[in-house]
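Open the model in your viewer and keep the selection panel at hand.

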2 protein chains.
Amino acid sequence: MSILVVGSVAFDSIETPHGRVDHVLGGAATFFALSASYFTDVRVIGVVGEDFTAENEAVLTRRGIDTRGLEHVAGKSFHWTGSYLKNLNEAQTLKTELNVFETFAPKIPAAYENSDFLFLANIDPVLQANVRRQMPNVKMVCGDTMNYWIHDHRENLNKVLVGLDALLINDGEAKMLADDSNLLRAAEKILATGPKTLVIKHGEYGATAFFSERSFLSRDGKPGLTAVPFRAPALPLDAVVDPTGAGDSFAGGFFGYLASQPEVTPGAFKRAMFYGGVMGSFAVEKFGTERLQQLSREEIDRRFSRFREISHLD
Amino acid sequence: MSILVVGSVAFDSIETPHGRVDHVLGGAATFFALSASYFTDVRVIGVVGEDFTAENEAVLTRRGIDTRGLEHVAGKSFHWTGSYLKNLNEAQTLKTELNVFETFAPKIPAAYENSDFLFLANIDPVLQANVRRQMPNVKMVCGDTMNYWIHDHRENLNKVLVGLDALLINDGEAKMLADDSNLLRAAEKILATGPKTLVIKHGEYGATAFFSERSFLSRDGKPGLTAVPFRAPALPLDAVVDPTGAGDSFAGGFFGYLASQPEVTPGAFKRAMFYGGVMGSFAVEKFGTERLQQLSREEIDRRFSRFREISHLD
């Protein structure tokens, strides 16, 4: 099944303990699309400026990604400058130049209207809701968000959360969204706001999916909702070269795998969590999207087996 | 098979967001022994003062723990005062009163000499080495340590590490011990100093065992050592009442289960990692050792199944 992703296509300038790169292809939609492209058909909606070259676009099209929804406008592309010198687990943003992204108004090409799955990458929740409305017939919708939207645009964000099949965020975002420092309680509060499933990414410690289960009696004695967890590991890596895009690559592996399955069963969902971790682990091995451009499905499945092996009890 | 544990038997005064307790039974050897007692015979070597009551000792003996190695001397018992108000994941030590523990010189009763397994809880590595020397025939030796010994008593600690079958420490201690912020590289450096296996505890994210594997070619192209990981999950809990002793309870479940097995196979080791997590998850549900005093093996095995269920891929 095909996935439509809407989000940023950008250039990143990044420094990490392993070196620095300037103005390399990045953006949430880019990482997501490349990652998901190893599993299923992917279509991108985004906006780029005049600095976005044919070679940049070929990075996507070589992976079979449909870029007809990538709007080219006058001006410069979104440019993010960040550093991981202080902390490899958390980016320090040095500069955010929105450029053409500032007035991004997603338009859905007619050819995309039959997309099966929809991924709303981390953009303004007003735009996320807008795209969601224009795709009433998609079978499954997943989304991402970040601290800025959680903190300053909560009301708009809530309208997006209500309609999500799965929300994918990290620990800090989950705790902020629920205003609770306990992860399980935070998960239950978030699930109560709408998403059917919550996937919380823990970086080098893997990720946890929380499935929403209606219960007759919840822990406080009232009918309510229980968050049933599933934990997927991460592979210990000897060098994390560049963490940029790891979360979006996780989302791409997760949702791409789900879209490749005949049915979204609990088993498929669990394997999707593992594939998410696998794609995240590849992404961080090189700067930018470099590693995601060179993979093969055999390589991915070998690493999937490795993930299973390092966490499997007979 | 029987386990001999040497370590602190103490009183703790603790405050957490869930309340505070004063002068409750604690200490690494206490948590370890209670936890391991659900799996196998446990013998304790430690020292206590006149404030250690018959009722305190009965907490151990009721669980069948052999306390003949618990020396009673004049003075007060070790007393630790700590707070988790600022950070539930890391204790802030408010006061450490070593008292009778300051001059602790472990003596091994004749009745303990046939112990099969030895656990060296977190004490002065000189004492750890001393006990190890007096027990030349034990089949397996595991140990713990902490930042203070890593930082200020490295040479003595190194002599202990050489003889360990498994070292159990947390993330911060591992990175400090190896002087490397990357966990996999840190693990390989630590394994190169002697321990056959390294168990790194990640708190709410579970734990990773790193098995030492000699390789013809390591990643830098020279013959060397590879750390082969195995990841065990933690159970998301809705309330962590008191994290004190979670690591020692993990060690007790881990080593206790191993001692209960006819053979220490890779499979047994993996299950032991899960049992470690299970016992740690119980320990934090109530203040001090309260929860560890009331368990049943059925309850433990039910939770073990739950750990398996939340991380098992078909």
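A polar contact is a pair of N or O atoms within 3.5 Å; within protein, one must be able to donate a hydrogen and the other to accept it, and residues adjacent in sequence count only if both atoms are side-chain atoms. By this rule, 16 residue pairs, both at pLDDT 80 or more, are in polar contact across the interface of chain B and chain A.

This is a predicted model, in which local features need pLDDT of at least 70 and side-chain atom pairs count only at pLDDT 80 or more, while totals for chains, interfaces and linings use all residues. Residues are numbered from 1 along each chain as its sequence is written, chains are lettered from A and ligands numbered from 1 in the order in which they are written, and side-chain values use heavy atoms, with hydrogens and water left out.

**The interface**

Select the residues of each chain in contact with the other (heavy atoms within 4.5 Å): 32 residues from chain B and 33 residues from chain A. The buried area (accessible area, 1.4 Å probe, that two parts lose on being put together, summed over both) is about 3,000 Å², with 55% from carbon and sulfur atoms. Next, pick B:Tyr205, B:Arg231 and B:Leu313, which supply 27% of the area that chain B buries against chain A, more than any other three residues.

Now show A:Lys175 and B:Glu204. Their side chains form a salt bridge at 3.9 Å, N to O; the term requires a side-chain nitrogen of Lys or Arg within 4 Å of a carboxyl oxygen of Asp or Glu. Two salt bridges are counted between chain B and chain A.

**A serine in chain A**

Move to A:Ser37, in the loop between helix 1 (28–36) and strand 4 (42–48) of chain A; helices (H or I, at least four residues) and strands (E, at least two) are DSSP runs, numbered from the N terminus. A:Ser37 is buried at 10% relative accessibility, where buried means under 20% relative accessible area, exposed over 50% and partly exposed in between (1.4 Å probe, protein chains only). A polar atom of the A:Ser37 side chain lies 2.6 Å from the backbone oxygen of A:Leu34. Leaving out residues up to four places away in sequence, A:Ser37 touches A:Val42, A:Arg63 and A:Ile65.

**Aromatic rings**

Over all chains there are 31 aromatic pairs; rings of Phe, Tyr and Trp (its six-membered ring) pair if their centres lie within 6.5 Å, and planes under 30 degrees apart count as stacked, over 60 as edge-to-face and the rest as tilted. Select B:Phe211 and B:Phe269, an edge-to-face pair with 4.9 Å centre to centre and 65 degrees between the planes. B:Phe211 is in strand 12 (residues 207–215) of chain B and B:Phe269 in helix 9 of chain B, 58 residues apart. B:Phe269 is buried, at 5% relative accessible area.
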